Amino acid sequence: QVQLVESGGGLVLPGGSLRLSCAASGSIAHINDMDWYRQNPGNEREFVARVSSGDRTYYSESVKGRFTISRDNAKNTVYLHMNNLESEDTAVYFCNAPFYGLWGQGTQVTVSS
């Protein structure tokens with residue numbers, strides 16, 4: 001069973017940038033879709049971005065133009081590059097392999113001055 005581990009979260013000023021990583025314990029080359037979600041306490045988990053095995057990408061409207069998702073199958077890692085961060089981006093960010101129902105433990109991103 002592949003496990004997912006997120007990292008790269010932290011405290012950043014509004015307008016700043018972060019890069020999140022999702023490292024898999026096994027190969028992700030056979031996993032078609034890899035997603036990022038985020039969640040705040042009391043709210044449902046919200047879709048952020050998807051990268052397919054063919055490197056097609058999809059984004060929620062709230063992050064389109066600011067976030068970039070990518071994958072490196074050789075490193076078994078999925079990335080989320082986040083630019084021009086806003087306070088509304090504050091959340092715990094989760095990596096997900098939807099076909100397999102795999103979730104990581106999450107990494108906290110806090111955007112605050």
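Visitor: Welcome me in with Arg38: is it buried or exposed?
Guide: The model is predicted, so to speak plainly: local features need pLDDT of at least 70, side-chain atom pairs count only at pLDDT 80 or more, and totals for chains, interfaces and linings use all residues. Residues are numbered from 1 along each chain as its sequence is written, and side-chain values use heavy atoms, leaving out hydrogens and water. Buried means under 20% relative accessible area, exposed over 50%, and partly exposed in between (1.4 Å probe, protein chains only). With a relative accessible area of 5%, Arg38 is buried.

Visitor: How many salt bridges does the whole structure have?
Guide: A salt bridge here is a side-chain nitrogen of Lys or Arg within 4 Å of a carboxyl oxygen of Asp or Glu. Searching the whole structure for such pairs gives a total of seven.

Visitor: How far apart are the closest N and O atoms of Arg38 and Glu46?
Guide: Glu46 is partly exposed, at 33% relative accessibility. Its salt bridge with Arg38 has the closest N and O atoms at a separation of 2.9 Å.

Visitor: How many residues apart are Arg38 and Asp89, which form a salt bridge?
Guide: The closest N and O atoms of this salt bridge are 2.9 Å apart. Arg38 lies in strand β4 (residues 34-39; strands are DSSP runs of E, at least two residues).

Visitor: What is the N to O distance between Asp89 and Arg66?
Guide: Asp89 is buried at 1% relative accessible area, and Arg66 is buried at 10%. Their side chains meet in a salt bridge with an N to O distance of 2.7 Å.

Note on methods:
Helix = DSSP H or I, 4+ residues; strand = E, 2+ residues; numbered from the N terminus.
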